[in-house]
Amino acid sequence: MIDINSKINSFFIFNSTFGPKEGEELKRILFFHPNQVTADARKIQVGLCEAVVKFMSTFSSEPCEALQTQTKRYIFFQPEKNYWMVLVVRLPYPTKSMSSIAEKRGDMIQPVMMQNLLVTAYKMFRMFVGLFSDIPAEDIYTKCQQFFTPYILSRNITNDVTNVIQGINYLPLEKNSFFKVVCFIDLLEINYSDFKCIAFIYNEQLIWNGLSTDDMLTLYQYLVQSLLPKQVEKEIQGGAVTAAQRHGRFISPPDGIHTLDDIQKLVKVYLKLEDDTETKQYYLIIYRTLSATICLTVDAKKTLELETFRSLDAFIGPQLYNIASTVSEQCTVHALQNAQLANTENKFIYFNRLNLAFKTSAPINTLTPSAAIKPEVLTIIAELHSDRKSLGNYGEIIIKTLDEYWITGKSSNEREFYVVIQKKNANIIEVAEEVKQICEAQMKGIFFYPI
Amino acid sequence: MVKFSLKDSDVYYLSLSEQPKRFDADSPVTNVFFDDTNGQVFTVRSGGVTGVTVNSMDKSKCTSFRMEDKGPIISIKFSLDQKVLAIQRNHDGQTATVEFVNFKDLAPTNVEYMHTCKWKCAKILGFVWPKANEIAFITDHGIELLQVLPEKKQLKTLKSISFSGAWFSWCSRSNIVVLASNNGALLQPFFFNNSTITKLQKLELDSSRPVGERDVFILQLCEATWCAIFRHGTSANMSAPLPTEIWLMPISGANGVQHTHILKTGLIGRFALSVVDDLVAVHHQSSQTSQLFDIMEELKVDNNTMIHLPIVPGHSIKPAVVDDQFCPMYSGNWVVFQPDYIIDARLGCLWRVNLIPEGLAHSVQKDDIPKIIAVLLRRKDGVETIYRILNQLVLEVNTYLVELTKSFDEINSVYRKWVDSEVARNTAGVAGAGAGAGAEAWRGRGRAVLTQSDVCTRLLQPHADHDRIVQVVSAYVWSLCAHGLTAGPGLAALCVRALVTRGARGRLRALLRRGALADARPLACQLLSLGHLDPAAAQLALDMMWRLRAREEIVEVLLSSNEPISAVGAAKQMDEATWLGLSPRKLLEAAKTFAEENGQPGAFVAVYHALLGRNERLRGSPHFLKGEQCDSYIEYYNKVTSER
């Protein structure tokens, strides 16, 4: 496990057009982490990046992505024109022999992970604050400060497969229970026509998605990585909460909605609903009973009445309680199946590029490091995943590492599948045969070629 | 609580026949008799001397004739084939005799004869015609079943059973007679069948509460025969007697276990019963209302009894018009016969009672809508009303989504049973008996069934532009799934269109992933065509084709998505025949396009070599046939390989 905070050298955002004249360099820096870096040091770092980015633009129409020096790696991300986000990590010093470098490779943070971190940070910002370009110049410094400081500090990114392949963990709910959820949502939306249900999550697994896939990933990450863990912690600690928990409650704002002031505390988000063409601003309302969480949106222009929330609470509470119980029964069954999966020696990762469904035989929650995928193997998977050309739309690659790991990557019909097998003295035919069996077991009923 | 009211529906759910059968009214010189077996009204003027008129709803059973007045008539009835008229008269001291007159073409012949029952001193309580040429004398000594031999002018005893009864009740539909003995505390049913009499399980009542003749009816209801008994409330306090209940006790029925049904009227006074479309209509005179009970309701069986309440609050029968004016309803002159005859002897009218299905939905508590749908599903003419209700629920779905969902459940639980019976019929190998016989048999039993294609065309399709169609379709598909059914091709196509146009593609994919829409090639193609809007739909289309083993289609899809190598690989892997059957030109063309577009001549070479191998296997030689027209590709191959 590598704590990213010890590795992050700095994270900053700049826009060169903000202070074009000499002496105004600091204006260009919208945000800089860590905070204790002096103004001069900031200027130097940002200046270097500005120069590199500008310099590279003469060679390619594509924006510059990365810069690597002997000691540092810079990852660039330009989410909006002229706005650059940069993440800098320190590299381990190269040692003399090549083999030890190869060993060390695994300890390094993957470029794809750094890229993901930047993209996720930006999307999170966009969801909660909006586009950089929509924020008035005088506000942008404080807004960035308010958002990114806690965000960066809360990130605890480890070398885990979930950070390499960012996906959504869907709950494979049997159809009658699924319909129960859907019809509950329909009834809710019909009775409260201003409200739209955008997500239904059980534990950390998504059941219903009413957003564009991209925004869903961001919201999902926000819920699963930040909001829900805090809630769960609260639920475990507070005995008083358990009674309320049965009946359900609004968890955003954290203390619920009891007064008009609480409505003012509701979070506003920018989201694109499923099959909608544009991003709009909404109030984000989150309600939770037992382990079921639903997210509702209301157009941010609407005036909200306290009475509506009271009635909504009375409506959702009992119904959601019922549904949560049904789902929980099913989950018990799933948990048993998953336990069997985790027991298998061979590890696989499944990813659907279209709905971002992500499934792995290794426990998602990496409490037991031994079950996690070895860093060097992860590096290979990260490379296969991030470079779509290596697998193509329909393709297969088998790679063997020095210490007898066989990594098979396959892609077909917009899905990716990776299998990791550790076997001494195996040959490629045996490995291919084993992969085929795992594929057949995991890919029942879908078109996945070549098997 | 919101009340649902079906648009353009009348408040009445029962009516009398529009054209009553008219006959001469009861008067000092006229006597009126009704035979519920044949449904005939006999009007006897001056003992028959000035004429007997026979009226019936069935025109072929109407006639008139004259006969001699041999004394006051107690009962007069035709045999089932209308060839013998039997008359029972009130002669002092000679009560055990019935007279017979042979008829030809509904006109009397001069052939007349008499028969005296075997128990000479017995009193004939009545007689019935269980079969065309069989008559049963019901006496206080027992029952004698006789065969009538009109040509020989005599009767032959077939079977007799001794039983001491005080009065009887007869049901012509089930050929069951019930004799009461022990002052009405014991009811003994007998069944006429195969020219014999069978004694059935007796019904014993609480001896402290015996029943009278006018409180017992034998009904045929829901393919079973029941003894209906009015249990008038007894109470110590006579000024506030308890309301009357109707007990339906099973006498015989096809399906084994039956329990007693108790119909709670909540009223006291005079009642009469009709059976209309397997519903029990309880007419109450003083309140001028009729209540409807459905004994097929699914209720909890408690202590082997099932307690029913009226399906809708009681309401009067729709006022009938006689001679251009409204006639008195629930009049004291009314006599109600089984199953659904009502006679007003004073007015000279014979009516039948009809059900107006839409009336049941005129004013319904919101929560009761699914129950009404269930009731209508068990009626012969319920389907139209069901569709009207459903259409209205869909239009007002913002109020009625829950009720609509539950109504779908009622509909699909019947549909499921129908599907099962169809499957059973087909597997039993009687398919030759004619397709659709199952549905007919089903409807013949007075049941409605709304199949998914019916619901599609009559409900969902017309509302395809409704802004809540997504929710309606989801509710319907859910209900199908909950009953273990999947959406077939027609519904699936509609579902796809509705969900895609209403911006619910995610929901569509969720339904597909969970197999709520049945796999089918047309559905796969429809999804594939959505691929340009929604790549995920195309992904699922390929999955579906794979499950359907639609190999050629998969190869086509891969070729059209510019994946020639995968197409060849997939074809080779899936199935020998598919691979050997593919046109080489098509593959080579796709490979060439791919190679040129991507600057990968290797792709073309790979496909080309695979095909050479195939030729070798097929024909023992790697060369293409002339007819395959591959010359240009051979050239291209040579060019590409020489460049290398």
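Trainee: What percentage of contacts in chain B between residues at least 6 apart in sequence join residues at least 24 apart?

Mentor: Two residues are in contact if their C-beta atoms, placed from the backbone, lie within 7 Å. Taking the contacts of chain B between residues at least 6 apart in sequence, the share that joins residues at least 24 apart is 53%.

Trainee: How should I read the numbering and the confidence limits?

Mentor: Residues are numbered from 1 along each chain as its sequence is written, while chains are lettered from A and ligands numbered from 1 in the order in which they are written. This is a predicted model, where local features need pLDDT of at least 70 and side-chain atom pairs count only at pLDDT 80 or more, whereas totals for chains, interfaces and linings use all residues.

Trainee: What is the radius of gyration of chain B?

Mentor: The radius is taken over C-alpha atoms, and the globule rule is 2.2 Å times the number of residues to the power 0.38. Chain B has 16 helices and 34 strands; these are DSSP runs numbered from the N terminus, helices being H or I of at least four residues and strands E of at least two. For 644 residues the rule gives 26 Å, and chain B is well over that, so it is more spread out than a compact globule, with a radius of gyration of 37 Å.

Trainee: At what angle do α12 and α14 of chain B pack?

Mentor: Axes are lines fitted to C-alpha atoms over the stretch in contact, and angles run from 0 to 180 degrees between N-to-C directions. Helix α12(B) covers residues 564-574 and helix α14(B) residues 584-598, with axes 8 Å apart and an angle of about 145 degrees.

Trainee: Which residues of α14(B) make that contact?

Mentor: On the α12(B) side are Pro564(B), Ala567(B) and Val568(B). Facing them from α14(B) are Leu587(B), Ala590(B), Ala591(B) and Phe594(B).

Trainee: Is Asn175(B) buried or exposed?

Mentor: Asn175(B) lies in the loop between β16 (167-171) and β17 (176-181) of chain B, and has a positive phi of about 55 degrees although it is not a glycine. A residue is buried if 20 or more other C-beta atoms, placed from the backbone, lie within 10 Å of its own, exposed if 12 or fewer, and partly exposed in between. Asn175(B) has 21 C-beta neighbours inside 10 Å, so it counts as buried.

Trainee: And is Asp8(B) buried or exposed?

Mentor: Asp8(B) also has a positive phi, of about 60 degrees. With 8 other C-beta atoms within 10 Å, Asp8(B) is exposed.
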